Amino acid sequence: MTQAIGDLARFIATRTRVAQASQDLARTTSEVSSGIKSDIGGALKGDFTRLTSVERGLRLNDSYMNGANLAKGFFAGMQNALGRGQDVVVELGPRLISNAGTGQTSQLLIVATEAESGFEQFVGALNTQIGGRSAFSGTATDALALVPAGDMLADLELLVAGAPDAATMITLVNDYFTDPAGGYETTAYQGDAAPQSGYTIGEGNRVSSEITALDPAIRRILSGLALGTLLAREVGPLDPESRSDLGRQAGEWMQEGNDATTLVRAGLGVSEAQVDTALTQIRATETALGTARSELIVADPFEAAIELQSVETRLETLYLMTARLQRLTLAEYL
(Lines give C-alpha, C1' and ligand atoms only; values in the text may rest on other atoms or scores of the structure.)
Protein backbone atom coordinates (compact mmCIF):
# COMPACT_ATOMS: atom_id res chain seq x y z
CA MET A 1 0.00 0.00 0.00
CA THR A 2 2.84 2.33 0.85
CA GLN A 3 4.45 1.61 -2.51
CA ALA A 4 1.18 2.40 -4.34
CA ILE A 5 0.86 5.71 -2.52
CA GLY A 6 4.47 6.50 -3.46
CA ASP A 7 3.79 5.76 -7.12
CA LEU A 8 0.70 7.96 -7.01
CA ALA A 9 2.67 10.80 -5.41
CA ARG A 10 5.35 10.50 -8.04
CA PHE A 11 2.70 10.49 -10.75
CA ILE A 12 1.05 13.64 -9.36
CA ALA A 13 4.39 15.35 -8.93
CA THR A 14 5.35 14.44 -12.48
CA ARG A 15 2.02 15.77 -13.84
CA THR A 16 2.67 19.02 -11.95
CA ARG A 17 6.10 19.34 -13.48
CA VAL A 18 4.62 18.61 -16.94
CA ALA A 19 2.05 21.38 -16.46
CA GLN A 20 4.78 23.83 -15.43
CA ALA A 21 6.94 22.79 -18.36
CA SER A 22 3.98 23.26 -20.71
CA GLN A 23 3.51 26.80 -19.40
CA ASP A 24 7.23 27.46 -19.86
CA LEU A 25 6.99 26.07 -23.39
CA ALA A 26 4.08 28.40 -24.26
CA ARG A 27 5.95 31.35 -22.78
CA THR A 28 9.24 30.71 -24.57
CA THR A 29 7.49 29.83 -27.84
CA SER A 30 5.65 33.15 -27.66
CA GLU A 31 8.87 35.04 -27.00
CA VAL A 32 10.64 33.34 -29.91
CA SER A 33 7.77 33.91 -32.35
CA SER A 34 6.82 37.45 -31.30
CA GLY A 35 10.20 38.64 -30.12
CA ILE A 36 8.48 40.26 -27.10
CA LYS A 37 9.10 39.37 -23.48
CA SER A 38 6.13 37.49 -22.05
CA ASP A 39 6.45 39.09 -18.61
CA ILE A 40 7.01 42.75 -19.40
CA GLY A 41 6.08 43.81 -15.89
CA GLY A 42 8.69 41.53 -14.43
CA ALA A 43 11.30 42.67 -16.93
CA LEU A 44 10.62 46.29 -15.98
CA LYS A 45 10.40 45.45 -12.27
CA GLY A 46 6.94 46.99 -12.18
CA ASP A 47 8.10 50.42 -13.36
CA PHE A 48 6.28 51.22 -16.61
CA THR A 49 7.17 54.93 -16.60
CA ARG A 50 9.83 54.79 -19.28
CA LEU A 51 7.88 52.39 -21.50
CA THR A 52 4.78 54.58 -21.28
CA SER A 53 6.84 57.62 -22.22
CA VAL A 54 8.44 55.85 -25.18
CA GLU A 55 5.11 54.53 -26.50
CA ARG A 56 3.52 57.97 -26.14
CA GLY A 57 6.43 59.40 -28.11
CA LEU A 58 5.90 56.80 -30.84
CA ARG A 59 2.19 57.61 -31.12
CA LEU A 60 2.91 61.33 -31.28
CA ASN A 61 5.62 60.73 -33.86
CA ASP A 62 3.16 58.68 -35.92
CA SER A 63 0.78 61.65 -35.95
CA TYR A 64 3.61 63.90 -37.17
CA MET A 65 4.47 61.36 -39.85
CA ASN A 66 0.86 61.26 -40.98
CA GLY A 67 0.67 65.06 -41.09
CA ALA A 68 3.93 65.33 -43.02
CA ASN A 69 2.87 62.73 -45.58
CA LEU A 70 -0.49 64.45 -46.06
CA ALA A 71 1.24 67.81 -46.49
CA LYS A 72 3.72 66.33 -48.96
CA GLY A 73 0.93 64.88 -51.10
CA PHE A 74 -1.15 68.06 -50.86
CA PHE A 75 1.67 70.37 -51.89
CA ALA A 76 2.66 68.04 -54.73
CA GLY A 77 -0.93 68.16 -55.99
CA MET A 78 -0.90 71.96 -55.87
CA GLN A 79 2.40 72.08 -57.76
CA ASN A 80 0.96 69.81 -60.41
CA ALA A 81 -2.18 71.94 -60.80
CA LEU A 82 -0.24 75.19 -61.11
CA GLY A 83 2.16 73.51 -63.52
CA ARG A 84 -0.75 72.55 -65.77
CA GLY A 85 -1.70 76.21 -66.04
CA GLN A 86 1.85 77.17 -66.92
CA ASP A 87 2.08 74.39 -69.48
CA VAL A 88 -0.79 76.03 -71.37
CA VAL A 89 0.45 79.62 -71.41
CA VAL A 90 4.23 79.27 -71.55
CA GLU A 91 4.13 78.90 -75.36
CA LEU A 92 0.65 80.21 -76.15
CA GLY A 93 1.34 83.67 -74.72
CA PRO A 94 4.39 84.41 -76.92
CA ARG A 95 2.63 82.95 -79.98
CA LEU A 96 -0.35 85.26 -79.50
CA ILE A 97 1.92 88.29 -79.14
CA SER A 98 3.88 87.27 -82.24
CA ASN A 99 0.78 86.71 -84.38
CA ALA A 100 -0.85 89.89 -83.12
CA GLY A 101 2.04 91.84 -84.60
CA THR A 102 1.77 90.33 -88.08
CA GLY A 103 -1.63 91.79 -88.92
CA GLN A 104 -2.79 88.34 -90.13
CA THR A 105 -6.12 88.12 -88.34
CA SER A 106 -6.98 84.63 -89.57
CA GLN A 107 -3.80 83.11 -88.15
CA LEU A 108 -4.24 85.03 -84.89
CA LEU A 109 -7.74 83.58 -84.48
CA ILE A 110 -6.45 80.08 -85.12
CA VAL A 111 -3.85 80.45 -82.37
CA ALA A 112 -6.44 82.03 -80.04
CA THR A 113 -8.68 78.96 -80.29
CA GLU A 114 -6.18 77.12 -78.09
CA ALA A 115 -7.01 79.50 -75.25
CA GLU A 116 -10.46 78.04 -74.62
CA SER A 117 -9.25 74.48 -74.05
CA GLY A 118 -6.44 75.92 -71.93
CA PHE A 119 -8.92 77.90 -69.85
CA GLU A 120 -11.02 74.79 -69.24
CA GLN A 121 -7.91 72.77 -68.40
CA PHE A 122 -6.65 75.29 -65.88
CA VAL A 123 -10.05 75.71 -64.21
CA GLY A 124 -10.22 71.93 -63.89
CA ALA A 125 -6.74 71.90 -62.34
CA LEU A 126 -7.73 74.59 -59.84
CA ASN A 127 -10.71 72.46 -58.83
CA THR A 128 -8.34 69.64 -57.90
CA GLN A 129 -9.24 67.72 -54.76
CA ILE A 130 -6.51 65.97 -52.83
CA GLY A 131 -7.52 63.47 -50.18
CA GLY A 132 -11.08 64.79 -50.36
CA ARG A 133 -9.97 68.40 -49.81
CA SER A 134 -10.15 71.13 -52.43
CA ALA A 135 -6.64 72.42 -53.00
CA PHE A 136 -7.39 76.04 -53.89
CA SER A 137 -10.57 76.80 -51.90
CA GLY A 138 -8.96 78.06 -48.70
CA THR A 139 -10.73 76.89 -45.57
CA ALA A 140 -13.78 75.84 -47.62
CA THR A 141 -12.14 72.51 -48.40
CA ASP A 142 -15.46 70.82 -49.20
CA ALA A 143 -16.23 73.24 -52.07
CA LEU A 144 -14.72 73.36 -55.54
CA ALA A 145 -12.64 76.50 -55.96
CA LEU A 146 -14.35 77.70 -59.13
CA VAL A 147 -17.60 77.37 -61.04
CA PRO A 148 -17.32 75.52 -64.37
CA ALA A 149 -15.24 77.23 -67.03
CA GLY A 150 -18.27 77.51 -69.32
CA ASP A 151 -20.18 79.51 -66.72
CA MET A 152 -17.38 82.05 -66.39
CA LEU A 153 -17.00 82.41 -70.14
CA ALA A 154 -20.74 82.88 -70.55
CA ASP A 155 -20.69 85.69 -67.97
CA LEU A 156 -17.74 87.31 -69.72
CA GLU A 157 -19.44 87.16 -73.10
CA LEU A 158 -22.42 89.06 -71.73
CA LEU A 159 -20.10 91.52 -70.00
CA VAL A 160 -18.09 92.51 -73.09
CA ALA A 161 -20.68 91.99 -75.82
CA GLY A 162 -21.27 95.71 -76.25
CA ALA A 163 -17.67 96.86 -75.84
CA PRO A 164 -17.03 99.52 -78.53
CA ASP A 165 -13.28 99.01 -78.73
CA ALA A 166 -10.41 96.78 -77.57
CA ALA A 167 -9.40 99.10 -74.70
CA THR A 168 -12.88 98.95 -73.19
CA MET A 169 -13.06 95.17 -73.57
CA ILE A 170 -9.64 94.74 -71.99
CA THR A 171 -10.66 96.90 -69.03
CA LEU A 172 -13.89 94.93 -68.54
CA VAL A 173 -12.09 91.59 -68.55
CA ASN A 174 -9.36 92.88 -66.25
CA ASP A 175 -11.92 94.25 -63.77
CA TYR A 176 -13.83 90.97 -63.84
CA PHE A 177 -10.77 89.10 -62.63
CA THR A 178 -9.02 91.66 -60.41
CA ASP A 179 -11.67 93.93 -58.88
CA PRO A 180 -12.96 92.63 -55.52
CA ALA A 181 -16.43 93.56 -56.77
CA GLY A 182 -15.84 91.86 -60.11
CA GLY A 183 -17.53 88.68 -61.23
CA TYR A 184 -14.57 86.41 -60.53
CA GLU A 185 -14.45 87.12 -56.83
CA THR A 186 -18.21 87.51 -56.31
CA THR A 187 -19.63 84.67 -58.41
CA ALA A 188 -16.88 82.49 -59.91
CA TYR A 189 -14.83 81.78 -56.78
CA GLN A 190 -16.65 79.39 -54.44
CA GLY A 191 -14.00 79.00 -51.76
CA ASP A 192 -13.07 81.05 -48.73
CA ALA A 193 -10.61 83.92 -48.65
CA ALA A 194 -8.88 82.51 -45.57
CA PRO A 195 -6.10 79.99 -46.31
CA GLN A 196 -6.20 76.43 -45.04
CA SER A 197 -4.97 75.73 -41.53
CA GLY A 198 -2.22 73.39 -42.71
CA TYR A 199 -0.59 70.34 -41.13
CA THR A 200 1.29 69.68 -37.90
CA ILE A 201 4.59 68.01 -38.78
CA GLY A 202 6.39 68.30 -35.45
CA GLU A 203 6.23 69.83 -32.02
CA GLY A 204 5.56 73.52 -32.63
CA ASN A 205 6.08 72.92 -36.35
CA ARG A 206 3.12 73.54 -38.62
CA VAL A 207 3.23 73.96 -42.38
CA SER A 208 0.57 75.41 -44.66
CA SER A 209 0.01 77.07 -48.01
CA GLU A 210 -1.78 80.37 -48.37
CA ILE A 211 -2.42 79.83 -52.08
CA THR A 212 -6.05 79.95 -53.21
CA ALA A 213 -7.64 80.52 -56.60
CA LEU A 214 -7.79 84.20 -55.57
CA ASP A 215 -4.02 84.48 -55.97
CA PRO A 216 -3.12 87.30 -58.41
CA ALA A 217 -0.86 84.99 -60.44
CA ILE A 218 -3.71 82.56 -60.99
CA ARG A 219 -6.12 85.35 -61.89
CA ARG A 220 -3.68 86.76 -64.41
CA ILE A 221 -3.31 83.44 -66.24
CA LEU A 222 -7.09 83.01 -66.29
CA SER A 223 -7.66 86.54 -67.55
CA GLY A 224 -5.23 85.98 -70.43
CA LEU A 225 -6.85 82.69 -71.38
CA ALA A 226 -10.33 84.18 -71.09
CA LEU A 227 -9.45 87.16 -73.27
CA GLY A 228 -7.93 84.83 -75.86
CA THR A 229 -11.08 82.70 -75.80
CA LEU A 230 -13.33 85.72 -76.35
CA LEU A 231 -11.11 86.77 -79.23
CA ALA A 232 -11.41 83.33 -80.83
CA ARG A 233 -15.19 83.39 -80.36
CA GLU A 234 -15.23 86.78 -82.09
CA VAL A 235 -16.96 88.49 -79.18
CA GLY A 236 -16.51 92.26 -78.94
CA PRO A 237 -14.99 94.58 -81.58
CA LEU A 238 -14.16 92.75 -84.82
CA ASP A 239 -11.91 95.19 -86.69
CA PRO A 240 -8.35 93.91 -87.35
CA GLU A 241 -6.67 96.51 -85.18
CA SER A 242 -8.87 95.69 -82.16
CA ARG A 243 -8.27 91.98 -82.65
CA SER A 244 -4.52 92.54 -82.72
CA ASP A 245 -4.75 94.56 -79.52
CA LEU A 246 -6.82 91.86 -77.85
CA GLY A 247 -4.43 89.10 -78.95
CA ARG A 248 -1.40 91.06 -77.77
CA GLN A 249 -2.96 91.80 -74.39
CA ALA A 250 -4.06 88.20 -73.92
CA GLY A 251 -0.52 87.02 -74.63
CA GLU A 252 1.03 89.59 -72.28
CA TRP A 253 -1.31 88.59 -69.45
CA MET A 254 -0.39 84.96 -70.01
CA GLN A 255 3.30 85.78 -69.78
CA GLU A 256 2.78 87.90 -66.66
CA GLY A 257 0.76 85.12 -65.07
CA ASN A 258 3.34 82.51 -65.99
CA ASP A 259 6.18 84.53 -64.43
CA ALA A 260 4.17 85.25 -61.28
CA THR A 261 3.13 81.60 -60.96
CA THR A 262 6.78 80.57 -61.09
CA LEU A 263 7.38 82.67 -57.98
CA VAL A 264 4.29 81.21 -56.29
CA ARG A 265 5.51 77.70 -56.99
CA ALA A 266 8.95 78.59 -55.64
CA GLY A 267 7.34 79.65 -52.37
CA LEU A 268 5.41 76.40 -52.31
CA GLY A 269 8.69 74.60 -52.87
CA VAL A 270 10.04 76.14 -49.66
CA SER A 271 7.14 74.54 -47.78
CA GLU A 272 7.85 71.23 -49.51
CA ALA A 273 11.48 71.42 -48.40
CA GLN A 274 10.30 72.09 -44.85
CA VAL A 275 8.17 68.94 -45.01
CA ASP A 276 11.08 66.87 -46.34
CA THR A 277 13.30 68.09 -43.50
CA ALA A 278 10.60 67.24 -40.99
CA LEU A 279 10.17 63.75 -42.48
CA THR A 280 13.90 63.10 -42.04
CA GLN A 281 13.67 64.13 -38.38
CA ILE A 282 10.50 62.11 -37.85
CA ARG A 283 12.09 58.95 -39.26
CA ALA A 284 15.18 59.45 -37.10
CA THR A 285 13.01 59.87 -34.01
CA GLU A 286 11.01 56.79 -34.93
CA THR A 287 14.20 54.76 -35.14
CA ALA A 288 15.50 56.06 -31.81
CA LEU A 289 12.22 55.47 -29.99
CA GLY A 290 11.84 52.05 -31.58
CA THR A 291 15.29 51.08 -30.33
CA ALA A 292 14.46 52.33 -26.85
CA ARG A 293 11.23 50.33 -26.84
CA SER A 294 13.04 47.21 -27.99
CA GLU A 295 15.52 47.50 -25.15
CA LEU A 296 12.62 47.50 -22.72
CA ILE A 297 10.33 44.77 -24.05
CA VAL A 298 12.09 42.77 -26.75
CA ALA A 299 13.31 39.33 -25.77
CA ASP A 300 16.88 38.34 -26.65
CA PRO A 301 16.36 35.91 -29.57
CA PHE A 302 19.43 33.79 -28.75
CA GLU A 303 18.54 33.41 -25.08
CA ALA A 304 14.89 32.71 -25.93
CA ALA A 305 15.88 30.01 -28.44
CA ILE A 306 18.23 28.33 -25.95
CA GLU A 307 15.54 28.37 -23.24
CA LEU A 308 12.95 27.00 -25.67
CA GLN A 309 15.23 24.10 -26.56
CA SER A 310 15.85 23.42 -22.86
CA VAL A 311 12.13 23.45 -22.05
CA GLU A 312 11.35 21.13 -24.97
CA THR A 313 13.98 18.65 -23.74
CA ARG A 314 12.63 18.86 -20.18
CA LEU A 315 9.08 18.33 -21.37
CA GLU A 316 10.03 15.33 -23.49
CA THR A 317 11.75 13.75 -20.48
CA LEU A 318 8.71 14.35 -18.28
CA TYR A 319 6.40 12.82 -20.88
CA LEU A 320 8.57 9.68 -20.94
CA MET A 321 8.47 9.47 -17.14
CA THR A 322 4.69 9.93 -17.12
CA ALA A 323 4.26 7.23 -19.74
CA ARG A 324 6.34 4.76 -17.70
CA LEU A 325 4.29 5.45 -14.58
CA GLN A 326 1.04 4.97 -16.51
CA ARG A 327 2.23 1.57 -17.84
CA LEU A 328 2.76 0.09 -14.32
CA THR A 329 0.56 -2.99 -13.76
CA LEU A 330 0.17 -5.43 -10.84
CA ALA A 331 2.11 -8.08 -12.81
CA GLU A 332 4.98 -5.67 -13.46
CA TYR A 333 4.93 -4.66 -9.78
CA LEU A 334 5.17 -8.27 -8.61
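Modeller: Let me begin with Glu185, which in this predicted model is partly exposed, with a relative accessible area of 28%. Glu185 forms a salt bridge with Arg219, and the closest N and O atoms of the two are 3.0 Å apart. Arg219 belongs to helix α8 (residues 216-232) and Glu185 to helix α7 (residues 183-188), so this pair ties together parts that are 34 residues apart in sequence. Arg219 itself counts as buried, because its relative accessible area is 11%, and buried means under 20%.

A second pair joins Glu256 and Arg220, with 3.5 Å between the closest N and O atoms. Glu256 is partly exposed at 40% relative accessibility, whereas Arg220 is buried at 16%.

Glu234 and Arg243 form another salt bridge, in which the closest N and O atoms are 2.5 Å apart. Of these two residues, Glu234 is partly exposed at 43% relative accessibility, while Arg243 is buried, with a relative accessible area of 11%.

Beyond these pairs, Glu116, Glu157 and Arg233 are linked in a network of salt bridges, and a search of the whole structure finds eight salt bridges. As for the background to such pairing, side chains of opposite charge can pair when their charged atoms come close.

Notes
Residues are numbered from 1 along each chain as its sequence is written. This is a predicted model: local features need pLDDT of at least 70, side-chain atom pairs count only at pLDDT 80 or more; totals for chains, interfaces and linings use all residues. Side-chain values use heavy atoms; hydrogens and water are left out. A salt bridge is a side-chain nitrogen of Lys or Arg within 4 Å of a carboxyl oxygen of Asp or Glu. Helices (H or I, at least four residues) and strands (E, at least two) are DSSP runs, numbered from the N terminus. Buried means under 20% relative accessible area, exposed over 50%, partly exposed in between (1.4 Å probe, protein chains only).
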